[in-house]
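This briefing sets out the main features of a single protein model for computational work. The notes that follow are grouped by topic.

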Amino acid sequence: MSRRQSAKMAESLTDLPPNILMEILVRLPLKSLFISRCVCKTFLSLTTPNSHFIDLHSSNATQILGFQFGDVFNPSKLLRLAEPELDIALENFVLKPLYQLPQMGTSVVMYRTNYREDNKLVLVNSCNSLLYFVRRHAPDERSLVCNPVTSEYLIIPDVDRKIRLESRTKSMWLGFSPGTNQYKVLRISSSVNGEYVEVGAQVFVIGSSSWREIEALPLGNDHSWDLCSTFLNGAMYWLDDQSYRDIVFFDFERERFGDVALPPEFGDEQLKNKHCMSTGVLGGCLCVSYNDFNAQHVDLWVMRKRGDRESWIKEFVVDTVRPRAGPVFGRFKPLQVLRNGEVLMLWINNDLVCYDPRRKSLRFVGFHWLRMTTPRNVAFTPSFIPLKDALLVDRVNRYIRPRYKRALETVLM
């Protein structure tokens with residue numbers, strides 16, 4: 001479309017009543033919404049974040065996927081996005097840049113005199129519309145919470161010196177307590193006590209000044225905390241990779257650990273094949289997927305009532321048979337139900353897949369770069385809510401990539 005055609009279209013759209021025009025604009029894909037703000041002053045004024053626009057956009061926003069390339073030792077500073085409702089229908093598309101991570105300084109590398117390196121921020125998880133990053137392999141274990149849509153971030157204070165000297169961080173996550181309307185950070189740590197390794201946990205309430213010790217963990221030092229984590233309705237869930245008979249969770253409101261039994265139909269075969277199991281969210285409920293690769297199908301189990309083992313329902317049996325190809329190995333993580341009713345899943349380290357329940361067909365989207373690069377990824381719902389209002393703090397920071405600062409200040413002002 002030429003500039004002249006775009007100008008004519010914009011001119012005809014501006015003749016619409018403002019409330020109708022705003023309804024149209026908030027339904028645009030995220031990147032298209034940003035671009036529309038540069039078209040004319042009318043579009044800019046209608047989409048300038050205010051309480052009405054924010055509420056209207058929030059009620060119409062759909063989940064997007066964020067990708068960070070690189071490994072934990074050399075993660076990319078750029079977060080890229082895919083909009084499933086739009087992008088997966090295209091055969092070839094380019095991941096769009098969404099957020100440039102701020103520079104957090106350098107640190108001295110132990111055992112290497114006068115050598116300094118950048119402290120790398122690694123994408124850990126999403127919580128509502130916010131993303132959580134932790135810088136790994138640094139002497140001070142700082143982290144940050146950001147809203148990638150508004151380019152705002154808040155640095156989480158370092159773990160207290162006494163705690164840091166006595167323990168080593170295993171993992172950290174961001175969570176939310178619906179009852180208190182507070183965001184919190186959970187830290188899992190290990191410490192050596194004589195011949196034994198003890199695992200502990202600390203919590204930081206965003207807006208407070210210090211970390212607090214909480215109750216002991218139900219799992220040992222060998223548990224893989226980074227494996228198959230899922231946040232839902234105020235709790236973080238992990239598969240218990242030691243017994244694999246339970247799902248361990250942490251309630252951010254009560255600040256307590258607990259466990260949920262897997263579906264009673266799971267037999268010894270399912271419990272042994274932990275490499276075939278994953279957790280996710282489907283239709284607002286906790287979901288467990290099991291890839292029965294011998295029978296070439298993936299079972300999707302949904303827990304209809306939180307904490308009730310008897311409420312597990314086998315929602316879908318997804319046929320994974322591919323013409324001229326062998327069995328599909330690995331985990332399938334449920335991500336979301338699209339507006340057309342298809343179930344979007346991440347075939348971990350391989351591809352994105354869509355399952356159509358009406359036709360009972362599985363479509364491999366063709367994200368082959370997932371197999372070659374294995375980026376860290378999260379699903380989240382974008383929001384224009386100012387970060388300080390979401391976190392209930394007085395001040396936050398804002399970082400805009402220098403090269404695009406002038407353009408983005410216009411788009412996100």
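A polar contact is a pair of N or O atoms within 3.5 Å; within protein, one atom must be able to donate a hydrogen and the other to accept it. With that cut-off in mind, at the start of helix 5 a side-chain oxygen of N50 comes to within 3.1 Å of the backbone nitrogen of H52. The model is predicted, and its mean pLDDT is 81. The protein contains 11 helices and 27 strands.

**Overall composition and confidence**

- Of the 413 residues of the protein, 50% count as buried.
- Among the contacts with a separation of 6 or more, 48% join residues 24 or more positions apart.
- A pLDDT of 70 or more is reached by 79% of the residues.
- Confidence is highest in helix 10 (residues 387–391), with a mean of 95, and lowest in helix 11 (residues 405–412), with a mean of 43.
- Two segments have a pLDDT that stays under 50: residues 107–116, for which the model has 10 contacts beyond four places in sequence, and residues 404–413, for which it has 17 such contacts.
- Where pLDDT is low, the predicted coordinates should not be read in detail.

**Nonpolar cores**

- The largest nonpolar core comprises 37 residues, and those with the most contacts inside it are Y132, L174, V185, L186, I206, F257 and L391.
- Strand 12 (residues 196–205) makes the greatest contribution to this core, with 5 residues.
- Apart from this core lies another, of 29 residues, including L56, L81, Y153 and F380.
- Beyond four places in sequence, the residues touched by L186 include W173, W238, F250, F252 and F257, and also S171 and Q202.

**Helix 5**

- The buried residues of helix 5 (residues 51–60) are F53, I54, L56, H57 and N60.
- Viewed down the axis of helix 5, these buried residues fall within an arc of 170 degrees, and they therefore line one face of the helix.
- An α-helix has 3.6 residues a turn, so residues three or four places apart point the same way.
- S51, D55 and S59 are exposed on the other side of helix 5.
- The cover over the buried residues of helix 5 includes helix 2 (18–25), helix 3 (30–36) and helix 4 (41–46).

**Cysteines**

- The structure holds 0 disulfides.
- A disulfide is a covalent bond between the sulfur atoms of two cysteines.

**Loop residues**

- Where is L338 placed? L338 is in the loop between strand 22 (332–337) and strand 23 (343–347).
- L338 counts as buried, at 4% relative accessibility.
- Leaving aside neighbours within four places in sequence, L338 contacts P84, E85, I88, L344 and C354.
- L338 and D356 are 18 residues apart along the chain, and their C-alpha atoms are separated by 10.0 Å.
- D71 is in the loop between strand 1 (64–68) and strand 2 (78–82) and is partly exposed, with a relative accessible area of 43%.
- D71 and P375 are 304 residues apart in sequence, while their C-alpha atoms are 7.5 Å apart in space.

- S151, a residue other than glycine, has a positive phi near 60 degrees.
- S151 lies in the loop between strand 8 (143–147) and strand 9 (152–156), where it counts as buried, at 5% relative accessibility.
- N181 likewise has a positive phi, of about 60 degrees, although it is not a glycine.
- N181 is in the loop between strand 10 (168–177) and strand 11 (182–193) and counts as partly exposed, at 39% relative accessibility.

Definitions and conventions
Residues are numbered from 1 along each chain as its sequence is written. This is a predicted model: local features need pLDDT of at least 70, side-chain atom pairs count only at pLDDT 80 or more; totals for chains, interfaces and linings use all residues. Side-chain values use heavy atoms; hydrogens and water are left out. pLDDT is the predictor's confidence in each residue, from 0 to 100. Helices (H or I, at least four residues) and strands (E, at least two) are DSSP runs, numbered from the N terminus. Contact means heavy atoms within 4.5 Å. A nonpolar core is a set of buried Ala, Val, Leu, Ile, Met, Phe, Trp, Tyr and Cys residues joined through side-chain atoms within 4.5 Å. Buried means under 20% relative accessible area, exposed over 50%, partly exposed in between (1.4 Å probe, protein chains only). A disulfide is a pair of cysteine sulfur atoms within 2.5 Å. The arc is that of the directions from the helix axis to the C-beta atoms.
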